[in-house]
Amino acid sequence: MSEITLPKTICMLPWISIETSPTGSIRPCCMAHEEITDELGKKYDLNETTLETAYHSVYMQKLRQDFRAGIKPETCNRCWEEEAAGRDSKRIHSQVRLKELYRKVDWANDTPDQLWFVDLKLGNICNLKCRICGSWSSSKWAEEEMAYEKNRGKDPKQHQAYTWLRQGAWPRKTETFWDNMRELIPNIRYIEFTGGEPWMIEEHKELLKFACQTGHAKHIDIHYNTNATQWDTYLFDLWAEFGRVDVAFSIDNVGDRFEYERYGAKWDRANEIVDVVNNMTDKPHCGNITTQLCFTINIQNVYYLDELLAWADTKQFGDVYFNMLHGPDHMSIQSMTPQAQELVLNKLKTTFWRNNKYAKEIDRVINFIELGAGSDGTEFLRRMQLADDYRKQDFRDTHYEIARAMGYEDKTSTL
């Protein structure tokens, strides 16, 4: 590794990482605003190109140069926003989680051969329609949004949801991508599988099987984000061959509120799956498996974090991760109405949190809210009422306090 002076704002991810999006484009990481483009400004498409092409692109070379020069790239604003609120961003978290790789980065090289970390969002196949999600990551959401168009008397195929639904099928139509991944496996040290819902995607199991058969699994760590609705015991057999396997459960609330926010999921089933995986971590042959509660903080659940964390404390999670939602914007806690801000901040600033083990994280949530511009809630209400009308639900039935503070009213939207 070249010996150079690194700025405090350096990020290792442009040197070692690449992310595939659910719709087949490529980004430097999951927090980046922009997708990677070629020299003509065209987004790279995994139906047509390889991961290495994007990784070695002029775009990525420029990103590395900017970081090395101490420039804060605009595409990384989500990390800068979190750090301004006192939170550990993806940039900082990666330096800790991947510290062994951090020491080996060839910082002086703009075209390195160190693609060690791939974040695989393998299309948008999903069985849920989470309120914080959309058609770009959920095939079920795409079907619903197309139904909205049909109910309006419009052609669903003209809607963006139809385009995303088709684009989200790329992992099942593009064998060259899997050929490319098999070529990369000897060099890979860390894989993240996120969504759609990764445990519904059979091709990912074939990739793990290939890594096991070729003897490369032992130098690869795996991380999952799963929605706690799926399970396959075959995964345990595969995981035993790998380094560390982290299973992060995306559960943002409890009981009826969980089922409302992650439409299609069942609370009892989620608990059952969490318990199955947590119990397996105590088995001798599963000592490489850890679990995590990874909940996404948004307008729906920020008022009820005490109940979620109380439930988490009854489980055997190895870690609890506060994931801050940055998009869609209308769901961000920085976009609450003044009334909702007051309601939430009054609760988060109570003495209940002062001696709580989560106090520091709660303080960071408070800071993040206070750094936001707020909103009148119009877009939030429009989206929530549209889905409520279609699904025959009412936000107030499960989230009365925050619904009222956001201005939710009893009125029917126009589908």
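Predicted model: local features only at pLDDT ≥ 70, side-chain atom pairs only at ≥ 80, totals over all residues.
# Strands, a cavity and a pocket

In strand 10, valine 320 is the bridge partner of leucine 293.

**Around strand 9**

- Strand 9 covers residues 289-297, and eight of its nine residues are buried, so the rest of the structure largely encloses this strand.
- On one side, strand 9 is joined to strand 7 (residues 245-249) by five bridges, and the two run parallel.
- Within that pairing, phenylalanine 249 stands opposite leucine 293 of strand 9.
- Strand 9 is also joined to strand 10 (residues 319-324), here by six bridges, again with the strands running parallel.
- To get from strand 9 to strand 10, the chain passes through helix 15 (residues 305-312), and this β-α-β crossover is right-handed.

**Around strand 1**

- In a regular strand, side chains alternate between the two faces of the sheet.
- Strand 1 (residues 17-20) is covered on both faces: Ser17 and Glu19 are buried on one side, and Ile18 and Thr20 are buried on the other.
- Four bridges pair strand 1 with strand 3 (residues 117-120) in the parallel sense, and isoleucine 18 stands opposite valine 118 there.
- With strand 2 (residues 26-27), strand 1 pairs in the antiparallel sense over two bridges.
- In that pairing, glutamate 19 stands opposite arginine 27.
- Strand 1 and strand 2 make a hairpin with five residues between them, and glycine 24 in its turn has a positive phi of about 95°.

**The largest cavity**

- How many cavities of 30 Å³ or more does the count give? It comes to one, and the space in the largest cavity is about 120 Å³.
- The lining is made up of 14 residues, with Cys11, Leu13, Cys29, Phe67 and Cys76 the closest to the centre of the cavity.
- Helix 1 (13-16), helix 3 (58-68), helix 4 (77-84) and helix 5 (90-97) are the elements that give two or more residues to this lining.
- By residue type, the cavity lining has twelve nonpolar residues, two charged and no polar ones.

**The second largest pocket**

- About 350 Å³ of space lies in the second largest pocket.
- Of the 20 residues that line this pocket, Trp141, Glu145, Tyr148, Arg382 and Arg383 lie nearest its centre.
- Helix 7 (139-151) and helix 18 (378-391) each supply at least two residues of the pocket lining.
- Which element gives the largest share of that lining? Helix 18 does, with five residues.
- The pocket lining divides into ten nonpolar, four polar and six charged residues.

Definitions and conventions
Residues numbered from 1 in each chain as written. Heavy atoms only, no water. 1 Å grid on protein atoms, 1.4 Å probe; cavity = no way out; pocket = protein on both sides within 12 Å on 5 of 7 lines; lining within 4 Å. Points joined across faces, edges and corners; volume = space filled by probe spheres on them. Nonpolar A, V, L, I, M, F, W, Y, C, P; charged D, E, K, R; others polar. Buried < 20%, exposed > 50% of the residue type's maximum accessible area, 1.4 Å probe, protein only. Pairing = 2+ DSSP bridges. Right-handed = clockwise from strand over helix to strand, strands pointing away.
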